Amino acid sequence: MSAKNNIENFLINISTNIFLELDTQGQVLYASSKAKHIFNSEKLVGYSILPLLDASNRDLLISRLKTVIFKTHNDSFSMEFKERFYNVFIYPYQKTGIVCMEDITERRQLSQFLNKTKQRLEFAERTARLGYWELNLEAKRFYWSAEMFRIFGLEAKNISQKKNIIREHILAADLPLYKEKIAQLLKNNHQVEGRVRIIRKNGDLAYCLFKASLIFDADGERIAGTFQDITPLAETENALSEAKDEADRLNLAKSYFLAQASHDLRQPMQALNMFIAALGSDKLSSSQHNLVEKITASANNLKSLLDNLLDISKLDSGGMSYHPKKINLSRFLSHLCGEYIDLAHHHNLKFKYNLPMLMIETDVHLLERIIRNLLSNAFKYAQNRVFITVKQASGGVRISILDDGCGISPKEQALIFHEFYQSSEIADNRRQGAGLGLSIVQKIAKIIGGKIEVSSKIGKGSAFCLWLPIKN
Ligand code: ADP
């Protein structure tokens, strides 16, 4: 090929492509300066190009060249040469072929990079079940990512870009919220988000979290949004909330039953105590007297169990109210402790209390429930002595009930406050309650604004402390 026209020559030289004119044997009739540079030879014209190519490129080029020249139609293929990639176009020209090699190395790398990024994005979208959509506000055209179609159960090919399919699929009850959020976005240009239910193409209900923002760029003004399918999470939440409602209902029914049962049992219980009292006269033989004592102990246990059940049901239903008033704590406690002196004698226990003068404001009945519970435990487990001390501490008062009993292992110190928990380490003959006392004590302490702490050492004894705030 002889270049007659200067402009054509100039164009060939500034082009990034490589031009060659070859005959059917691969003989070079023309080579642009870039061709000489790529093939690294000034002497291309008059020589065969074939020795400069590797075997596979050589065969490919020569067979395509011959077909183009003989059949006089264009052809193209890709080839790799010296670690670069080319699109090769061959055009028939008289009895030769014009070969144009377009270097696509960078374009190929870019397209590979874009493909990888697209794959990664699609993977992330699929894994997070997060679809992306856009609405071009001028052209009124939608773009949906593949995951959007999957979430809505639709196929891209059947959907017009002009249709607002999101609205069509949102459940009627949730549509006003969605419309309101989009209107807010258009008005204030602040990101909006919400939760809606959609009906998929197959009729299934899906729960989605949507977010939307406005973007302005060279492509115009658009709404860009996401829809995240949170159906499994929402279904678990629904199941949990149903289970909680059911548990609350059962708990209420339990409390009602407990309250009713313990209330109904109180009258026969009182009658039983009266009959036992009538029995306990001097006329009884010693074995009969023994029997009456055992019946009395069992009746007392039954009564304390009933009292505990009634307390639990009251606490669970919020029926235990707090009526504070100012009291002289030392007077109140010494009066209460006085009632336990006989019991201490009976069990051969030393019982001491150290009660400084102190005024506090609290609910006297609730405080009494706590102290009685802790004292009766202390008497139950003590070996030789029970102490009560009262000290002012950290903005309040600490009432401690100490015994030198079997103690409680660190592992059990939290468990003993659970309902119905009884230590496996306590001998059966000591176990008279139902494991409710301390859970009641803890709940009542909370109602009166206090807290219960325990410290104990196995074999040495236990200290149960009630801390109460002192209001100025
Ligand atoms: P109960 O009414 O059955 O005694 P509580 O709730 O009062 O139930 O006590 C639960 C458990 O805590 C008891 O079974 C016992 O193991 C342990 N406990 C409570 N007070 C003491 C104490 N002073 N010394 C040792 N163990 C105790």
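**Figure 1. Helix α12 and the shell around the ligand.** Helix α12 gives the most to the shell around the ligand, contributing three residues. The model shown here and in the other views is predicted. Three elements, α12 (364-381), α14 (437-447) and β17 (461-469), each supply at least two residues of this shell. Sorted by class, the shell has ten nonpolar, seven polar and two charged residues. Of the 19 residues around the ligand, those that come nearest are Asn377, Asp403, Ser423, Gly435 and Leu438.

Figure 2. The side chain of Asn377 places an N or O atom 2.9 Å from an oxygen atom of the ligand. For Gln422, an N or O atom of the side chain is likewise 2.9 Å from an oxygen atom of the ligand. Gly435 takes part through its backbone, where an N or O atom lies 2.8 Å from an oxygen atom of the ligand. The ligand taken alone exposes 540 Å², and the protein buries 98% of that area.

Figure 3. Asn308 has its place in helix α9, which covers residues 286-316. Its relative accessible area is 12%, which is under the 20% cut-off, so Asn308 counts as buried. With its neighbours within four places in sequence left aside, Asn308 is in contact with Arg369, Asn373, Leu436, Gly437 and Ile440.

**Figure 4. The aromatic pair of Trp144 and Phe152.** A search of the whole structure finds twelve aromatic pairs. In one of them, Trp144 and Phe152, the ring centres are 4.9 Å apart and the planes stand at 55 degrees, so the pair is tilted. An angle between 30 and 60 degrees is what places a pair in that class. Trp144 is buried, its relative accessible area being 8%. Phe152 is also buried, at 0% relative accessibility. Both residues belong to a cluster linked by ring pairs, made up of Trp144, Phe149, Phe152, Tyr178, Phe210 and Phe227.

**Figure 5. The aromatic pair of Phe351 and Phe379.** The rings of Phe351 and Phe379 form an edge-to-face pair, with 5.1 Å from centre to centre and 70 degrees between the planes. Phe351 lies in strand β12 (residues 350-354) and Phe379 in helix α12, so the pair ties together parts that are 28 residues apart in sequence. Phe351 is buried, with a relative accessible area of 15%. Phe379 counts as buried too, at 5% relative accessibility. Helix α12, which holds Phe379, is also the element that gives the most residues to the shell around the ligand.

**Figure 6. Ile230 in the loop between β10 and α8.** Ile230 is found in the loop that runs between β10 (220-229) and α8 (231-279). Apart from its neighbours within four places in sequence, Ile230 is in contact with Arg195, Tyr207, Cys208 and Leu209. Phe19 is 211 residues from Ile230 along the chain, and the C-alpha atoms of the two are separated by 58 Å.

Key:
Residues numbered from 1 in each chain as written. Predicted model: local features only at pLDDT ≥ 70, side-chain atom pairs only at ≥ 80, totals over all residues. Heavy atoms only, no water. Near = heavy atom within 4 Å. Polar contact = N/O pair within 3.5 Å; in protein donor to acceptor, adjacent residues only side chain to side chain. Areas by Shrake-Rupley, 256 points an atom, 1.4 Å probe, with all protein chains shown as cover. Helix = DSSP H or I, 4+ residues; strand = E, 2+ residues; numbered from the N terminus. Nonpolar A, V, L, I, M, F, W, Y, C, P; charged D, E, K, R; others polar. Buried < 20%, exposed > 50% of the residue type's maximum accessible area, 1.4 Å probe, protein only. Contact = heavy atoms within 4.5 Å. Phe/Tyr/Trp six-rings, centres within 6.5 Å; stacked < 30°, edge-to-face > 60°.
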